[in-house]
Amino acid sequence: MKRIWKSLLLAWKWVLLSVATSILIILTQPTPLLAQEPAASTTIETTKPSSETTKVQKLREALQRSSTSEAPKPAPEVSEPKKPESPQEPPLTPEELTRQLKFIEADKLYLAGQIPEAEKIYREVKQPFGKTLDNQQRKAAILDPTQLSPGGKVYWRESEAGIAQKLQTKTLVPLQLLVEQYPEFIPGHIRYAEALKQYDRTNEALDILERASSLYPDQPELVKARITALAADKKWMEASLAARQFAILNPKNPQAPEFTKLAEENLNRYKSYTQGEIRGNVLGNIITGALGYAVTGSLLGPFSALDSTIMLLQGERAIGESVAKQAKKQLGVIIDEDILAYVNEIGQKLAKVGGRDEFKYEFFVIPEESLNAFALPGGKIFINAGAIAKANSEAELAGLMGHELSHVLLSHTFQLVSEGNLISNVTQYLPLGGTIGQLFALSYSRDMERQADNLGTRLIVATGYAADGLRNLMVTLEKQQKNAPPSWLSSHPGGNERVSYLENLITRNSYNRYAYEGVERHLEIKARVKKLLEEKKAREEKK
């Protein structure tokens, strides 16, 4: 009995100590303490190769060789059996080589400012999605109802009558027909969204404004209506991004300063809400830490709970910088001037239009063969070398990086960390606790992946890349996935589902598929990355 009272007394002392410490943390809000630089990181360095021939020449030579009828000489017999090798990528067919050369030609025209000529070639080599809006010309925006055709004016008058009489069908039906038949009429989208929201159809209203602002991103009243609707739905981070992107992409617009102010206001709302949520978790972490000590007699749980709370209160940037140092040490990074310059150039270009300049964006390449990447809070992006090796163009790699960058811009990782903080502290005392925590996190993941696909695609469009960069990379990934789990078990949308969603997104918003691909430069970096991976594999086999 005395032992039980002694444990409870110690637990109560821990609660008092933790409460006092947490109150002090909340009041003082210390500046982030950066982790010390690791003494030695695993790195892979390379030397610059001599450039005797260009990639285009190599492609042409390969194309000529593939078209000759000379049979290859048989390889000499080897007495000792060879070790089984990992499957190699099949060589390109003559048609694929020709397609690459056409992409290179179109890219050069695009960079030279000969956009129509480049677009013509892009259209020749790219397969259509199916039913697309590619051939439809976007009409000039209409702001005045008097400029509508007679049919459009009828829809507008009918909607006004419906609003005056407070009749749902008489309001919504003519507005739906109006935006479908006259998408260039900006007030129609705004009024339709307002009416949908009035009848508790908020998601549909947001969808209408998203489509319209994608078609006409330079229309300030339309973008402002979307920002207002997002903020009203407590989607402050998305509202902030929409405002900042308008200000960045339209610096000469007289309303740009107003949008910058809107961006800051909504960002502060998001930060205030998040800090409130974290402070609410402090007491829960203290209690679980104290109970953990009472049950297990170990101080590891309480200190872990307090530690994670301190880091959360320091913010996204502090978490990202601390974890990135550990990740670089554990995973190893590739140090190669050409590869890093290439990846950093793409990443900084995307980050510039992302709308959150409070982060220090850094991009790292790790020597892993799989097609993957991950993001840490505060702008730290890690890309597998295999993603570069398996991508077919700069636009595809930009699509992947834009997706991961979107997780940072939308604070997805930070949300999961902050919202899952209490769960992880509770489940650490349970059998299979880590698995339970992961299952809780999965409920957020699929929606977040969709948001990142959406924003990532918008980022590559805003920076001049072909809109189907991410979609094309997903096609590659889908082909490489074998024995993949059903899509409903995965934290990411399934392959077919994801490709279809991206195609619909590009088609619905009329994003331009026929823009810069960046094939030639990517092929050069791709060859360099493959060589690094081969050298790494050879070293591992010797061990």
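This is a predicted model: local features need pLDDT of at least 70, side-chain atom pairs count only at pLDDT 80 or more; totals for chains, interfaces and linings use all residues.
Of its 543 residues, 45% count as buried. Among contacts between residues at least 6 apart in sequence, 75% join residues at least 24 apart.

- Three strands make up an open sheet in the order 3-5-4, and their pairing is mixed.
- Strand 3 (362-366) and strand 4 are the edge strands, each pairing on one side only.
- On average, neighbouring strands here are turned by 20 degrees against each other, direction ignored.

**How the strands pair**

- Strand 3 and strand 5 run parallel and are joined by five bridges.
- One place to look in this pairing is valine 365, whose bridge partner in strand 5 is isoleucine 383.
- Strand 4 (residues 373-376) pairs with strand 5 (residues 380-384) in the antiparallel sense, over four bridges.
- Leucine 376 stands opposite lysine 380 of strand 5.
- A hairpin is formed by strand 4 and strand 5, with three residues between them.
- In the turn of that hairpin, glycine 378 has a positive phi of about 85 degrees.

- Helix 14 lies across strand 3 and strand 5, and runs at about 140 degrees to strand 3.

**Helix 14 against helix 16**

- Two packed helices are described by the angle between their axes and the distance between the axes.
- For helix 14 (residues 337-352) and helix 16 (residues 394-409), the angle is about 55 degrees and the axes are 10 Å apart.
- That angle makes helix 14 oblique to helix 16.
- The crossing of helix 14 with helix 16 is right-handed.
- On the helix 14 side, the residues in contact are Tyr342, Val343, Ile346, Gly347, Lys349, Leu350 and Ala351.
- Helix 16 meets them with Glu394, Leu397, Ala398, Met401, Gly402 and Leu405.
- Sorted by class, this contact between helix 14 and helix 16 has nine nonpolar, two polar and two charged residues.

**Putting it together**

- Helix 14 features in two of these topics: helix 14 lies across strand 3 and strand 5, and helix 14 also packs with helix 16.
- Strand 5 pairs with strand 4 in the antiparallel sense, whereas strand 5 and strand 3 run parallel.

Conventions:
Residues are numbered from 1 along each chain as its sequence is written. Side-chain values use heavy atoms; hydrogens and water are left out. Axes are lines fitted to C-alpha atoms, for helices over the stretch in contact, and angles run from 0 to 180 degrees between N-to-C directions. Helices (H or I, at least four residues) and strands (E, at least two) are DSSP runs, numbered from the N terminus. Angles under 35 degrees count as roughly parallel, over 145 as roughly antiparallel, 65 to 115 as roughly perpendicular and the rest as oblique. A crossing is left-handed if the near helix is turned anticlockwise from the far one by less than a right angle, and right-handed if clockwise. Contact means heavy atoms within 4.5 Å. Ala, Val, Leu, Ile, Met, Phe, Trp, Tyr, Cys and Pro count as nonpolar, Asp, Glu, Lys and Arg as charged, and the others, Gly among them, as polar. Two strands pair if DSSP finds at least two bridges between them. Buried means under 20% relative accessible area, exposed over 50%, partly exposed in between (1.4 Å probe, protein chains only).
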